[in-house]
Amino acid sequence: MLSLFVLLPFLAIVMLNLPLKTVTRQLALWFGIALSAGQVFVVIFQPDVFWNGTDLLGRFFTLRLQADNLSMVMLLSIGIVTFAAILVGRQTIADSRLRFNFMNLVLLSLIGMNGTVLLTDLFSLYIFIEVVAISSFILIAFQRDLNALEGAFKYIILSAVATVLMLLSVSVLLMAAGDTSFSSVAAAVKNSSSSHFVRFAIGIFICGLFIKGGLVPFHGWLPAAYSMAPAAVSVLLAGIVTKVSGIYALIRLSTSVFGPDSSLNAVLMIAGAVSIVIGALAATGQSDFKRMLAYSSISQVGYIILALGCGTKLALVGAVFHLFNHSIFKSLLFVNSAAVEQQTGTSDMDKMGGLGSRMPYTNATSLIAFLSTAGVPPLAGFWSKLIIVIALWQSGYYIYAFIAILSSIITLGYLLSMQRRVFFGILSDKLQAVREAGFGIVFPACVLAAITVGVGLSFPFIFNSFIIPIGAFLK
Amino acid sequence: MVLILNIILLVLFVVGAVWTMMTTRLLHSAVGLAFTSAVLTVLMFQLDSPLAAVFELSVCAGLVSAIFISTIMLTKRVTAEELIVQRKIRLASFWFLPIVVVAAAIVLSLIHIPVDFKLPEPPVENNVKNIMWNLRHLDLMGQIAILLTGVFGVVTLFKESKHD
């Protein structure tokens with residue numbers, strides 16, 4: 001019943017917008033929570049009735065969806081991050097009308113993201129990436145704050161460039177393949193591997209995905225969009241949106257449609273390494289909490305792309321595992337930034353300090369997230385980075401492995417500085433009245449922290465049964 | 001007869017595109033874009049490429065939404081005098097663009113660009129109905145989602161700003 005991942009959010013939107021606004025405004029939040037939690041449930045517990053049952057809704061639609069292990073990891077990440085973002089939205093968006101619009105847009109984004117990770121057609125991929133992008137523009141700007149409008153505008157402009165590149169690429173590949181299904185395009189790419197047209201089309205599609213994923217040198221929109229968006233939207237954007245519309249698409253296309261290809265892999269490795277270094281160095285100079293996390297995201301996504309470029313099965317497993325881990329701990333850091341911003345009224349780290357005594361849960365979960373981001377054992381981020389470094393070393397990419405390790409030390413440095421400036425030290429007089437954030441923020445933070453710790457501690461037990469089988473998506 | 005029809009369509013296409021870019025009214029611009037896209041769709045059908053034509057319709061749905069939203073975000077009230085000044089500035093800045101586009105199209109049509117890959121066999125029975133209702137259900141769903149997103153964008157960003 002794969003179609004339910006797309007059709008249920010659709011039905012939810014239809015039901016929420018029936019002319020019963022007083023009732024539906026109350027229900028909107030619970031619809032979102034039920035759908036995202038349900039998605040996590042069916043992916044983790046694999047109930048037979050869902051995966052092998054009769055697809056009654058699917059009988060009316062020919063959606064041609066497919067879920068392999070990579071899709072499963074993405075569906076799980078989407079469910080978890082959407083769940084956290086909805087809870088944060090409930091806590092941070094006071095106006096019920098705005099909250100209702102937020103929920104509708106999150107459900108539309110959910111349709112786009114679920115569709116993207118399940119489809120098997122290049123043009124459909126373009127359409128569903130656009131669903132995610134357009135809902136993201138509005139989500140960033142929906143409170144009509146001037147800074148948020150600026151962030152959304154930067155995103156629109158660069159995203160429009162990506163759209164044009166991808167569309168041009170699809171048109172050339174359609175000409176070459178006669179169809180846009182992944183299998184047809186893959187066959188056409190294989191048959192016309194020396195064609196300059198086809199290589200040009202692949203190149204511009206990859207550039208489009210670099211923009212969507214916020215990779216250096218196409219990262220200009222990302223710090224503004226992440227840092228200026230409302231708190232709940234930052235969680236969604238940083239946690240999963242760019243991962244789905246940029247990084248997942250890159251993994252899927254470079255391994256199964258455009259590749260494997262040695263020159264493409266070389267480009268990916270260079271882009272990944274440059275993103276790791278530039279992102280980490282830029283993060284060290286930031287005083288705004290969310291802006292620093294945004295640059296950190298660029299750096300962490302670089303690890304995924306570096307591993308993708310390495311191309312071995314172990315490296316790809318590491319890339320997908322790090323993608324999952326990053327979606328969890330980066331969401332957690334943005335949930336923490338939402339808590340701090342809501343309680344102090346600022347995201348300027350120079351105006352904070354000593355908040356740990358007033359916000360113990362936020363302090364503890366932030367500590368877990370930053371240690372995992374920096375790759376400190378035994379947390380989840382350590383294991384995924386270790387797999388990536390081992391894969392690079394085994395393939396003879398010693399310099400890239402060295403860059404990955406060195407950048408982890410820089411990451412540790414700037415995140416330690418963040419933790420010290422925000423949570424450690426003496427509480428200033430102005431912040432004496434600060435209290436722990438509400439349940440709507442603390443609860444998702446604790447859930448995300450528990451996942452980070454749980455995956456890290458259970459790694460030796462799940463390595464062979466869950467982590468390595470992720471690589472089965474490779475043909 | 002077909003040649004005359006094609007020429008009329010190409011002229012309409014260029015006129016629609018120029019109008020979309022040069023008009024100072026948001027609504028006219030959106031209608032112009034939809035018109036241009038519709039003409040392009042017909043042109044693609046004329047070229048025996050129904051799949052590309054359907055794709056064009058899909059793209060139009062997405063682009064119209066995106067352009068609506070981005071334009072609304074940039075909108076501010078202007079007086080009649082400012083409108084006249086803006087129109088003059090726009091004409092002075094961009095009058096050459098349509099000429100460049102048409103000239104580039106003529107030059108490109110005269111140059112032979114070698115296609116260095118094997119073109120696939122044309123589809124056997126891909127009529128519009130088959131494409132829209134049997135082959136591209138997922139795209140239709142995506143288009144509906146894009147349109148819905150556009151509606152929520154207008155409601156969220158535009159309708160409520162009237163209260164400000």
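Predicted model: local features only at pLDDT ≥ 70, side-chain atom pairs only at ≥ 80, totals over all residues.
**Stop 1: chain B.** Select chain B and colour by secondary structure. You will find 7 helices and 0 strands. Read from the N terminus, the order is α-α-α-α-α-α-α. Now colour by burial. Chain B has 164 residues, and 24% of them count as buried. Next, turn to the contacts in chain B with a separation of 6 or more. Residues 24 or more positions apart account for 70% of these.

**Stop 2: a helix pair in chain A.** Select residues 262–284 of chain A, helix α12, together with residues 289–310 of chain A, helix α13. How do the two axes cross? They come within 7 Å of each other and cross at roughly 160°. Angles over 145 degrees count as roughly antiparallel, so α12(A) and α13(A) are roughly antiparallel to each other. Their crossing is left-handed. Show the side chains where α12(A) meets α13(A): the contact has 18 nonpolar residues, 8 polar and no charged.

**Stop 3: the largest nonpolar core.** This core holds 200 residues. Select A:Val235, A:Leu306, A:Ala307, A:Val320, A:Val335 and A:Ile388, which touch the most other members.

**Stop 4: A:Val235.** Centre on A:Val235 and leave aside its neighbours within four places in sequence. Which residues is A:Val235 in contact with? Among them are A:Val81, A:Ala84, A:Ala85 and A:Val88.

Technical notes. Residues numbered from 1 in each chain as written. Chains lettered and ligands numbered in written order. Helix = DSSP H or I, 4+ residues; strand = E, 2+ residues; numbered from the N terminus. Buried ≥ 20, exposed ≤ 12 C-beta atoms within 10 Å, placed from the backbone. Contact = placed C-beta atoms within 7 Å. Axes fitted to C-alpha atoms, helices over the stretch in contact; angles between N-to-C directions. Parallel < 35°, antiparallel > 145°, perpendicular 65-115°, else oblique. Left-handed = near helix turned anticlockwise from the far one by under 90°. Nonpolar A, V, L, I, M, F, W, Y, C, P; charged D, E, K, R; others polar. Core = buried A, V, L, I, M, F, W, Y, C linked by C-beta atoms within 7 Å.
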